[in-house]
Amino acid sequence: MKKVLFLALAAVSFSFASCDSQKENNMEQAADNVEAAGEEKADAMEAAGNEAGADSVENATEAKADAMEDAADAQPSQATPAPATTPAQ
């Protein structure tokens with residue numbers, strides 16, 4: 001039962017992901033890149049013994065990445081997906 005539910009949710013996720021425009025996908029990738037770069041910088045700062053600075057950098061880059069993802073999500077999708085159906089039990 002759990003496998004069926006998981007597969008159904010995965011299928012719905014992929015159907016929604018396929019509706020994103022190329023511009024939205026590019027914006028989300030840029031947000032992921034910003035977050036990854038921030039985490040890398042924070043890890044280097046933490047390794048150098050600056051935990052407070054690392055936390056600050058990580059929080060700031062996460063906030064910036066979240067804002068970028070929110071802006072990407074505000075972009076109109078290419079198509080309206082069909083409503084999800086639940087599998088028979």
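Author: A helix, in this account of a predicted model, is a DSSP run of H or I with at least four residues, and helices are numbered from the N terminus. Under that definition the elements of the protein run α-α-α from the N terminus on.

Reader: How many helices and how many strands are there in the protein?

Author: The protein has three helices and zero strands.

Reader: What share of the residues of the protein counts as buried?

Author: Of its 89 residues, 16% are buried. The accessible surface of the protein is about 6,600 Å², and carbon and sulfur atoms hold 57% of that surface.

Reader: What share of the contacts in the protein with a separation of 6 or more comes from residues 24 or more positions apart?

Author: Such residues account for 74% of those contacts.

Reader: What makes the reach of helix α3 close to the one expected?

Author: Helix α3, residues 51–73, has 23 residues, for which 33 Å is expected at 1.5 Å a residue. From its first C-alpha to its last, α3 reaches 32 Å, which is close to that value.

Reader: Why are α2 and α3 called roughly antiparallel to each other?

Author: Angles over 145 degrees count as roughly antiparallel. The axes of α2 and α3 cross at roughly 175° and come within 8 Å. The angle lies over the cut-off, and therefore α2 and α3 are roughly antiparallel. The residues of the contact of α2 with α3 divide into 12 nonpolar, three polar and 13 charged.

Reader: Which residues of α2 and of α3 are buried?

Author: In α2 the buried residues are E24, A31, G38 and A42. In α3 they are G53, A54, V57, T61, A65 and A72. The buried residues of α3 pack against α2, and α3 is included in what covers the buried residues of α2.

Reader: Why is T61 called buried?

Author: Buried means under 20% relative accessible area. T61, which lies in helix α3, has 15% relative accessibility, so T61 counts as buried. Apart from its neighbours within four places in sequence, T61 is in contact with V34 and G38.

Reader: Why does K41 count as exposed?

Author: A residue is exposed when its relative accessible area is over 50%. K41 has 52% relative accessibility and therefore counts as exposed. K41 sits in helix α2. From K41 to T61 the C-alpha distance is 9.9 Å, and the two residues are 20 residues apart in sequence.

Reader: How do you know that A74 is exposed?

Author: The cut-off is again over 50%. The relative accessible area of A74 is 63%, so A74 is exposed. A74 belongs to the segment after α3. The C-alpha atoms of A74 and E24 are 8.6 Å apart, and 50 residues separate the pair along the chain.

Reader: Which residues does M68 touch, not counting residues up to four places away in sequence?

Author: M68 touches M27, A30, A31 and V34. Between the C-alpha atoms of M68 and A30 there are 8.0 Å, and the two residues are 38 residues apart along the chain.

Reader: Why does A60 count as partly exposed?

Author: The relative accessibility of A60 is 47%, which falls between 20% and 50%, so A60 counts as partly exposed. A60 is part of helix α3. A60 and E35 are 25 residues apart along the chain, with 9.3 Å between their C-alpha atoms.

Methods
Residues are numbered from 1 along each chain as its sequence is written. This is a predicted model: local features need pLDDT of at least 70, side-chain atom pairs count only at pLDDT 80 or more; totals for chains, interfaces and linings use all residues. Side-chain values use heavy atoms; hydrogens and water are left out. Helices (H or I, at least four residues) and strands (E, at least two) are DSSP runs, numbered from the N terminus. Buried means under 20% relative accessible area, exposed over 50%, partly exposed in between (1.4 Å probe, protein chains only). Contact means heavy atoms within 4.5 Å. Accessible areas come from the Shrake-Rupley method with a 1.4 Å probe; for residues, only the protein chains shown count as cover. The expected span of a helix is 1.5 Å times one less than its number of residues. Axes are lines fitted to C-alpha atoms, for helices over the stretch in contact, and angles run from 0 to 180 degrees between N-to-C directions. Angles under 35 degrees count as roughly parallel, over 145 as roughly antiparallel, 65 to 115 as roughly perpendicular and the rest as oblique. Ala, Val, Leu, Ile, Met, Phe, Trp, Tyr, Cys and Pro count as nonpolar, Asp, Glu, Lys and Arg as charged, and the others, Gly among them, as polar.
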